[in-house]
Amino acid sequence: MLLFKTFIIPMKTMRFLKLFTTCLFICFLCSCSEKPANKADDSLHPSLSELPEIIEESSQLPSQMVVPVKLSAKDQEKAANAPDGMVFIKGGCFVMGNDYTQEDEKPEHEVCLNDFYMDKFEVTQARWEKLMGFNPSKFIGMDLPVEQVNYENVQKFIKKSEGACRLPSEAEWEYAARGGADKRYFWGNMVNENYTWYEENSDQSTHPVGAKAPNQYGLYDMMGNVWEWVDDWYEPYYKIRTKDNPTGPQNGESKIVRGGSFTSSAGALRITNRVWLHPKNKVFPKVTTYGQIINEVYNYIGFRCTKSIS
């Protein structure tokens with residue numbers, strides 16, 4: 001009877017239909033908006049499986065980050081003819097020095113070098129003693145790098161080598177140490193213990209040559225273990241004399257050592273870091289801003305040989 005009355009009274013019928021239609025419309029909107037809201041919520045709170053992987057930068061990076069230099073077929077022949085214990089260094093041009101560190105590393109300048117060979121390892125005590133008949137090192141071990149040798153000691157070794165050895169120029173050493181990289185170290189900008197012996201991991205001792213991973217040219221221990229003599233006289237800033245195969249000033253008071261040692265800070269291992277030392281001296285006359293310590297009893301300086309390619 002009520003339903004009948006509703007339909008026979010026009011005003012009440014219109015109100016009922018209007019209310020009924022409004023309710024239907026609201027229900028429709030709620031049902032349609034439910035899934036998009038869930039999708040929006042999912043995008044704000046994705047599941048763990050959908051989260052992007054976060055890669056943290058670390059100083060303990062794998063050795064695969066250093067990619068060996070690729071050689072042409074012609075250069076592979078030269079590499080195959082390298083003297084025993086040496087690797088082939090393909091010549092080229094690079095920017096030497098660093099305008100943003102110590103004054104004596106300035107200015108940055110382009111240098112171009114010919115091909116050459118360089119010792120894969122620092123000269124060992126076994127090699128030194130076999131040729132020289134004595135061992136000057138503090139840490140004794142035939143596979144350890146020779147140390148406690150001054151520049152003039154090294155010249156006597158070179159003379160006895162009869163053409164099989166010379167010291168690298170400073171430019172050759174830096175070029176070889178870089179391995180084509182333009183970072184603080186040949187592996188990057190953070191110290192990486194896969195490649196070097198320095199104050200944080202050396203236990204205050206030298207270590208057998210080749211125990212760490214090599215650089216792009218296959219050279220071991222270019223950073224750390226022992227400092228290495230180069231052939232140039234020291235000057236407090238680079239004077240640009242020639243771009244091709246520079247050898248530094250013709251004379252001076254001190255020679256240059258490069259590469260840092262097992263006692264060095266991470267800063268002292270930088271490729272461009274330079275330290276000077278009198279050819280007869282066994283005391284560092286320089287404390288770098290990167291923490292190299294003067295040691296008045298021992299100097300952990302060795303060397304590696306280089307050979308020109310005619």
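**Figure 1. Salt bridge between Glu174 and Arg178 in the predicted model.** In this predicted model, Glu174 pairs with Arg178 in a salt bridge whose closest N and O atoms are 3.1 Å apart. Helix α6 holds both residues, which are four residues apart, about one turn of the helix. Glu174 and Arg178 are both buried.

**Figure 2. Salt bridge between Arg258 and Glu174.** Glu174 also meets the side chain of Arg258 in a salt bridge, with an N to O distance of 2.7 Å. This pair links distant parts of the chain: Arg258 belongs to strand β6 (residues 255-258) and Glu174 to helix α6, 84 residues apart. Arg258 is buried, as is Glu174.

**Figure 3. Network of salt bridges that includes Glu174.** Five residues, Glu170, Glu174, Arg178, Arg258 and Arg274, are linked in a network of salt bridges. Side chains of opposite charge can pair when their charged atoms come close. A search of the whole structure gives 14 salt bridges.

**Figure 4. Salt bridge between Lys78 and Asp115.** The closest N and O atoms of Lys78 and Asp115 are 2.9 Å apart, and the two residues form a salt bridge. The pair links distant parts of the chain, 37 residues apart, with Lys78 in helix α3 (residues 73-80) and Asp115 in the loop between β3 and β4 (116-119). Lys78 has a relative accessibility of 24% and counts as partly exposed. Asp115, at 14% relative accessibility, counts as buried. The two classes follow from the cut-off, because buried means under 20% relative accessible area.

**Figure 5. Disulfide between Cys93 and Cys112.** Cys93 is joined to Cys112 by a disulfide with an S to S distance of 1.9 Å. The bond links distant parts of the chain: Cys93 lies in strand β2 (residues 92-96) and Cys112 in strand β3 (residues 109-113), 19 residues apart. The torsion about the S-S bond of Cys93 and Cys112 is about 105°, so this disulfide is right-handed. Cys93 is partly exposed, at a relative accessible area of 45%, whereas Cys112 counts as buried at 11% relative accessibility.

**Figure 6. Disulfide between Cys165 and Cys305.** A disulfide with an S to S distance of 2.0 Å joins Cys165 to Cys305. Cys165 is in the loop between α5 (151-161) and α6 (170-178), and Cys305 is in the loop between β8 (301-302) and β9 (306-308), so the pair ties together parts that are 140 residues apart in sequence. The link of Cys165 and Cys305 is left-handed, with -85° about the S-S bond. Cys165 and Cys305 are both buried. A search of the whole structure finds two disulfides. With bonded cysteines counted along the chain, the disulfides follow the pattern 1-2, 3-4.

**Figure 7. Leu277 and Asn150.** Leu277 is part of strand β7 (residues 275-277). Leu277 has a relative accessible area of 0% and is buried. Leu277 and Asn150 are 127 residues apart in sequence, and their C-alpha to C-alpha distance is 8.8 Å.

How values were computed: Residues are numbered from 1 along each chain as its sequence is written. This is a predicted model: local features need pLDDT of at least 70, side-chain atom pairs count only at pLDDT 80 or more; totals for chains, interfaces and linings use all residues. Side-chain values use heavy atoms; hydrogens and water are left out. A disulfide is a pair of cysteine sulfur atoms within 2.5 Å. Helices (H or I, at least four residues) and strands (E, at least two) are DSSP runs, numbered from the N terminus. Buried means under 20% relative accessible area, exposed over 50%, partly exposed in between (1.4 Å probe, protein chains only). A salt bridge is a side-chain nitrogen of Lys or Arg within 4 Å of a carboxyl oxygen of Asp or Glu.
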